[in-house]
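Visitor: I'd like to go through some local details of a model with you, if you have a moment. Could you put it up for us?

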Amino acid sequence: MTEVRRAGAVPASLWERDEEVATITRAVDTLCADRSSPGTLLEARGEAGVGKTALLAETRRIAEARGCTVWSARGGETLRSVPFNVVRQLLQPALVSMLPEEAREYLGDWYDIAGPALGIADPGERQADPRGVCDGLVAAVRRLARREWPLVLLIDDAHWADQETLRWLAALAERLDETSVLVVIARRPGDVSGDSARHLEAATAVGRPLAPLNALTPEATAGLTRATLGAHAEAAFCREVWAVTGGNPYETVELLAKVQDSELQPVEAEAAELRDLNRSARGGGLVARLEQLGVDSTRFAWAAAILGGGITVDMVARLATLDRADAARCAELLRGARILAVPDATAGQPSAGDLEFVHPLIATAVYNSIPDALRTAMHGIAAQLVTDSGLGAAAASRHLLKVHPDDDQEVVAQLREAAREHLAVGAPDAARRCLERALREPPLPESHARVLFELGCATLLTAPATTIGHLRTALAMPGLEGEQRVDAVFRLSQALLHNDQLEEAVRTVEAEAARNPDPSARLRLQAAQYMWEGIHAGETSSPHRSARLAELAATCTGRDNAERALLILRGFDAMTHGESAEEVVELCDRALVNGRLAPGLGWTDTEWGLELPMMLASSYAYADRLDRAEALFTEALRAYESAGWSGGHLSLAHAYVGLGHRRRGRLRDAEQSLRESLRIAERVGRGLPLYWSATCNLIDTLLARGHVEEARTVAEQYGFAPPYPSTIVLPDPRPVRARLLLATGRTKEGINELEAAEKAAAARGRHNPVVVPWATELARALAGEDPGRAARLATDARRQAERFGTDTAIGEALRCAAALETGQRAVRLAARLPPTWRHRPASTSTPPPAWSTASRPARRPS
């Protein structure tokens with residue numbers, strides 16, 4: 001048992017906390033010892049009132065005594081719907097204290113990404129990527145930690161932090177090894193669910209828990225009682241204090257304060273009064289005590305609880321309909337009753353107000369005591385006050401979410417505007433809540449479908465299954481016409497794609513194209529249909545798709561984005577089918593405007609998405625126009641980094657940059673890019689097509705480098721095995737996996753995988769011997785046991801390669817054919833290799849390290 005402290009040794013709220021304080025002291029000392037020391041996260045967990053806040057205050061005292069910079073923040077039960085609320089409390093004061101130019105210079109590229117979430121920069125026009133914003137906030141902490149070292153961050157009531165802050169906290173915890181900062185959080189067990197719980201648990205899993213914060217022992221309670229009331233406090237009285245409070249430190253301190261106020265003597269004869277005194281500090285007793293202060297004081301306390309944070313006398317007076325003098329008098333009464341208090345400036349807790357509740361338990365009790373109808377009405381008034389104060393729709397939205405639906409179109413408009421503001425700073429979940437609430441108002445019939453459409457766009461990346469329902473409902477209602485309806489159909493097909501319902505995505509745009517009378521709209525929908533069919537890896541495809549696409553593309557001049565999209569799709573289709581590479585390049589060139597992606601078809605444009613530019617760049621890469629391919633891949637990487645899109649888009653960009661290096665033969669650079677792609681893909685989630693792109697290309701590159709065991713480890717670690725994704729992956733994963741199986745001695749399995757690749761490629765007409773190199777791989781595998789079949793396969797591969805007409809395809813086919821021959825015939829075949837291929841090491845589909853076709857057009861077959 002921890003030694004019971006003597007009177008005056010420590011503050012009352014820190015009794016029996018020696019072990020926890022020692023751990024905190026060691027963590028602060030470690031932080032101060034070396035600027036390069038790794039960061040640490042400590043977690044204080046316990047029920048309400050056990051002294052978590054006191055422990056954070058002691059952390060501040062210890063840290064400041066050692067010269068640390070200490071910033072703190074607190075979650076609020078009624079403020080959980082306010083995105084970035086807690087992280088703003090932590091970081092905003094330091095950044096606001098800088099000049100705007102200094103803050104921009106300090107945060108660099110992250111300023112425009114993280115600045116809006118922190119409230120120090122105006123948001124951009126497009127929807128911010130939540131993961132990019134989160135990464136920007138992590139980067140901000142890392143830079144501030146270097147500037148303010150040694151830096152300590154304190155977060156109280158983390159269980160009530162907003163979801164966006166908890167996502168940031170989890171991401172920061174992952175990077176603590178490279179961020180010299182001490183983070184100490186206090187939280188209750190439970191009181192959090194869903195994604196917030198997942199983020200909080202992820203953060204604390206990385207950190208170290210302090211010793212469990214338990215209730216005080218009877219001995220400690222007796223010591224605390226005598227330290228407060230005097231050494232003459234009788235043992236029976238002390239035991240009753242412990243029995244009444246259960247050893248809860250907060251309740252013990254409050255009860256002893258009331259004993260002092262009531263002038264109760266600490267003797268056994270008076271101990272029976274303790275239960276009534278304790279009851280007045282919580283629940284119904286607190287409400288009764290509040291009512292005794294008068295109607296005006298009660299209204300003042302209610303208004304303060306509605307506001308939750310930033311409690312000012314003026315704002316409370318307006319909400320409670322009190323004049324300034326009466327409000328000031330009420331504030332004084334509530335301070336005297338230990339219900340409200342003036343924020344402690346020495347505690348460093350950021351506060352935008354004059355007052356705060358003495359303890360969250362009191363704030364909760366007061367808020368819950370407000371009659372339901374009145375509480376709802378007060379939230380409505382508070383929303384109007386916030387709006388009138390010029391704080392914006394997003395700030396008012398937390399109150400509007402609490403208002404009962406009343407067919408109020410102004411509320412609908414405010415919630416839609418709030419959703420737009422939330423999306424612009426990277427808080428799609430907050431936007432979703434606003435739009436879902438707007439639908440319950442409800443909107444007028446003529447705008448109902450548009451609100452559903454906005455809701456579907458808000459949830460597209462975070463909840464595609466939910467998005468499908470919203471958009472289908474919207475499209476079944478009147479109100480979406482013309483271009484907006486086409487946008488909704490396209491978004492629906494994207495959601496279906498992200499939800500692994502690719503065939504349904506194809507049918508959706510196909511059906512809308514058939515019924516839409518507008519030629520330009522129909523062309524866009526047809527392009528979307530061909531795009532989804534083009535990335536489908538399965539065997540189902542509409543009859544004569546390639547022929548129809550070729551016929552349609554032949555009429556396109558590239559005058560608008562729908563025509564440019566069709567040219568790209570036709571070029572990609574021709575490339576995967578192994579048609580003339582020269583024609584592939586010509587089609588792709590026609591889709592560009594002055595050699596660049598047209599506005600609206602860029603990497604961060606949402607009208608078409610990233611699939612089209614990826615298809616374009618891939619077509620160039622496999623047609624041996626690596627100059628164009630690498631320029632596009634690099635442009636994608638820069639665009640996503642500068643826009644702060646650090647999720648799936650950035651993962652794919654790194655994967656395709658790796659593909660560009662791979663095609664050049666720069667295998668070390670390729671491996672580096674692909675590992676970064678896989679790292680980001682791991683954060684987004686396994687099983688997605690982007691995950692397969694990173695894994696497949698990394699294994700392919702490792703095999704080309706001769707790192708077979710490493711390739712096998714990656715395959716096992718990341719589940720590189722059937723079933724394969726429904727969308728196309730470049731290069732095809734079956735031949736890559738077959739090469740791995742063959743390299744590790746699993747010959748029969750490797751041959752079976754290659755024969756499966758043959759069937760899948762034949763079903764889709766994908767005969768490009770570089771994209772799906774099953775024939776050359778199978779020829780090599782069968783050379784010993786079935787030389788006749790191996791020779792036929794090599795001949796067919798050579799024919800397909802000459803049809804496609806690139807040095808890469810022809811060189812690999814000739815190398816395969818030469819490997820199957822002996823004597824002069826092998827020499828003659830080797831002599832026909834492109835000059836740069838004659839001395840390269842054998843490695844399927846890998847161009848030689850110095851090889852480049854930057855200015856050489858693809859060759860027509862001879």
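Guide: Before we start on the contacts, a term to settle: a polar contact is a pair of N or O atoms within 3.5 Å, and within protein one of them must be able to donate a hydrogen and the other to accept it. Please also keep in mind that this is a predicted model.

Visitor: Fine. What does the side chain of Asp 129 reach at 2.8 Å?

Guide: At 2.8 Å it is the backbone nitrogen of Ser 646 that the side chain of Asp 129 reaches, and the backbone nitrogen of Gly 132 is also reached by this side chain, at 3.0 Å.

Visitor: And where does Asp 129 lie?

Guide: Asp 129 belongs to the loop between α5, which covers residues 111-118, and α6, which covers 130-148.

Visitor: Changing topic, which residues gather in the patch of negative charge on the surface?

Guide: The patch is formed by Asp 406, Asp 407, Asp 408 and Glu 410. Of these, Glu 410 sits in helix α20, residues 409-424, while Asp 407 is placed in the loop between α19 (393-400) and α20.

Visitor: What about phi of Asp 407?

Guide: Phi of Asp 407 is near 55°, which is a positive value in a residue other than glycine. Most residues other than glycine have a negative phi.

Visitor: Is Asp 407 buried or exposed?

Guide: Asp 407 is exposed, as its relative accessible area is 53%. Asn 594 has a positive phi as well, of about 55°, and is not a glycine either; this residue is exposed, with a relative accessible area of 78%, and is found in the loop between α29 (581-590) and α30 (611-622).

Visitor: Now the backbone: what is omega for the peptide bond from Glu 441 to Pro 442?

Guide: Omega there is near -5°, and the bond from Glu 441 to Pro 442 is cis, with Pro 442 placed in the loop between α21 (428-439) and α22 (445-458). The peptide bond from Pro 722 to Pro 723 is also cis, with omega near 0°. Most peptide bonds are trans.

Visitor: Where is Pro 723?

Guide: Pro 723 is in the loop between α35, residues 708-717, and α36, residues 733-743.

Technical notes:
Residues numbered from 1 in each chain as written. Predicted model: local features only at pLDDT ≥ 70, side-chain atom pairs only at ≥ 80, totals over all residues. Heavy atoms only, no water. Patch = residues over 30% accessible without salt bridge, like charges linked within 9 Å, V, L, I, M, F, W, Y side chains within 5 Å. Areas by Shrake-Rupley, 256 points an atom, 1.4 Å probe, with all protein chains shown as cover. Salt bridge = Lys/Arg side-chain N within 4 Å of Asp/Glu carboxyl O. Lys, Arg positive; Asp, Glu negative; His and termini not counted. Charge placed at Lys NZ, Arg CZ, Asp CG, Glu CD. Helix = DSSP H or I, 4+ residues; strand = E, 2+ residues; numbered from the N terminus. Buried < 20%, exposed > 50% of the residue type's maximum accessible area, 1.4 Å probe, protein only.
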